[in-house]
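Hi,

Here is the structure I said I'd pass on.

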Amino acid sequence: MRHEVKSRPVMLGEYILETGATVRATAKVFNVSKSTVHTDVATRLRYEDPALYKRVRKILDINKEERHIRGGIATKNKYKKDLPTR
């Protein structure tokens, strides 16, 4: 009985495509570094599955555009938590 094992770049790409997850979130789920996720989906996936790569690239670009907004929200929540209550 032979099972087809998907390559890691394809698995990571499909996960990002299904969930819209960021590189960091994907790295946590698959227990690999964010550098590994980025290398796999930005470089290796291009050669293994070009159609999937194009779709994943769009999500990565959206996440990159929203990055500064998420950072601002995190900072706001950090300082909001530290404020004394009246």
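How many residues does helix H4 have, and what distance does H4 reach from its first C-alpha to its last? Keep in mind that this is a predicted model. H4 runs over residues 50–82, which is 33 residues, and its end-to-end reach is 47 Å.

Of the 86 residues, 23% are buried. Among contacts with a separation of 6 or more, 55% are between residues 24 or more positions apart.

Back to H4 and its buried side. Its buried residues are Leu52, Tyr53, Val56, Ile59, Leu60 and Asn63. In an α-helix, residues three or four places apart point the same way, because there are 3.6 residues a turn. The cover over the buried residues of H4 includes helix H1 (8–19), helix H2 (23–30) and helix H3 (34–48).

Then there is the largest pocket, with a volume of about 380 Å³. Its lining consists of Thr22, Val23, Arg24, Lys34, Ser35, His38, Arg57, Leu60, Asn63, Lys64, Arg67 and Arg70. H4 gives the largest share of that lining, six residues, while H2, H3 and H4 each supply at least two. By type, the lining has six charged residues, four polar and two nonpolar. Leu60 and Asn63 turn up here in the lining and also on the list of buried H4 residues.

Two single residues are worth a click as well.

Aspartate 40 sits in helix H3. Its relative accessible area is 0%, so aspartate 40 counts as buried, the cut-off being under 20%. Apart from neighbours within four places in sequence, aspartate 40 is in contact with Arg8, Pro9, Leu12 and Leu45.

Asparagine 31 is in the loop between H2 and H3. Most residues other than glycine have a negative phi. Asparagine 31 is not a glycine, yet its phi is positive, at about 55 degrees. With 70% relative accessibility, asparagine 31 counts as exposed, since that class starts over 50%.

That's what I have for now. Over to you!

Technical notes. Residues numbered from 1 in each chain as written. Predicted model: local features only at pLDDT ≥ 70, side-chain atom pairs only at ≥ 80, totals over all residues. Heavy atoms only, no water. Helix = DSSP H or I, 4+ residues; strand = E, 2+ residues; numbered from the N terminus. Expected span 1.5 Å × (residues − 1). Buried < 20%, exposed > 50% of the residue type's maximum accessible area, 1.4 Å probe, protein only. Contact = heavy atoms within 4.5 Å. 1 Å grid on protein atoms, 1.4 Å probe; cavity = no way out; pocket = protein on both sides within 12 Å on 5 of 7 lines; lining within 4 Å. Points joined across faces, edges and corners; volume = space filled by probe spheres on them. Nonpolar A, V, L, I, M, F, W, Y, C, P; charged D, E, K, R; others polar.
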